[in-house]
Amino acid sequence: MLIDVEIYAQDRGTVEEFETTVASYEEVVEFRRMYGRPDYFLRVAVADHAAYEAFLMNRLSGLPAVLRLESHLTMKTIKENG
């Protein structure tokens with residue numbers, strides 16, 4: 001699952017707390033801070049849709065810095081480096 005995340009504030013404390021917390025989640029396999037919008041890009045690996053919903057509702061969306069989340073589900077991988 002791919003997730004775009006925007007946070008409500010850009011002060012150092014908020015950013016560092018958000019980054020430390022999200023980076024600690026084992027479901028997060030890729031975590032990037034972006035220029036412009038969104039603020040962050042996450043790649044999340046979970047077992048199924050129910051596990052993703054639980055991750056999103058119980059962990060990510062509950063963080064105080066989160067303003068907006070947008071999920072993207074891959075239909076088909078056309079090309080992948082590796």
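1. A quick definition before we start: two rings of Phe, Tyr or Trp count as a pair if their centres lie within 6.5 Å, and planes over 60 degrees apart make the pair edge-to-face. With that in hand, ring pairs link Phe18, Phe31 and Tyr40 into a cluster. Keep in mind that this is a predicted model.

2. Staying with the rings, the structure has four aromatic pairs. Take Phe18 and Phe31: their ring centres are 6.2 Å apart and the planes sit at 70 degrees, so this pair is edge-to-face. Phe18 belongs to helix H1 and Phe31 to strand E2, so the pair ties together parts that are 13 residues apart in sequence.

3. Phe31 comes out at 25% relative accessibility and counts as partly exposed.

4. Now for the sheet. Four strands form an open sheet in the order E2-E3-E1-E4, with antiparallel pairing. E2 and strand E4 (66-72) stand at the edges with a single partner strand each, so one side of each has no neighbour in the sheet. From one strand to the next, the twist averages 20 degrees.

5. Have a look at E1 and E4, which pair in the antiparallel sense over six bridges. Glu6 has Arg68 of E4 as its bridge partner. Both helices pack on the sheet: H1 touches E1, E2, E3 and E4, and its direction makes about 160 degrees with that of E2. H2 also touches E1, E2, E3 and E4, with its direction at about 170 degrees to that of E4.

6. What about the core? The largest nonpolar core has 18 residues, and Ile3, Val5, Phe18, Leu42 and Leu60 have the most contacts inside it. Two or more residues each come from strand E1 (2-7), helix H1 (12-23), strand E3 (40-44) and helix H2 (49-60). H2 gives the most, with four residues. In soluble globular proteins, nonpolar side chains tend to be buried together.

7. Setting aside neighbours within four places in sequence, Leu60 is in contact with Ile3, Val5, Val22, Leu42, Phe55, Val66 and Leu69.

8. Which side chains make polar contacts with the side chain of Glu30? One is Arg32, at 2.5 Å, and another is Arg43, at 2.9 Å. Not counting residues up to four places away in sequence, Glu30 touches Phe41, Leu42 and Arg43.

Note on methods
Residues are numbered from 1 along each chain as its sequence is written. This is a predicted model: local features need pLDDT of at least 70, side-chain atom pairs count only at pLDDT 80 or more; totals for chains, interfaces and linings use all residues. Side-chain values use heavy atoms; hydrogens and water are left out. A nonpolar core is a set of buried Ala, Val, Leu, Ile, Met, Phe, Trp, Tyr and Cys residues joined through side-chain atoms within 4.5 Å. Buried means under 20% relative accessible area, exposed over 50%, partly exposed in between (1.4 Å probe, protein chains only). Contact means heavy atoms within 4.5 Å. A polar contact is a pair of N or O atoms within 3.5 Å; within protein, one must be able to donate a hydrogen and the other to accept it, and residues adjacent in sequence count only if both atoms are side-chain atoms. Rings of Phe, Tyr and Trp (its six-membered ring) pair if their centres lie within 6.5 Å; planes under 30 degrees apart count as stacked, over 60 as edge-to-face and the rest as tilted. Two strands pair if DSSP finds at least two bridges between them. Axes are lines fitted to C-alpha atoms, for helices over the stretch in contact, and angles run from 0 to 180 degrees between N-to-C directions.
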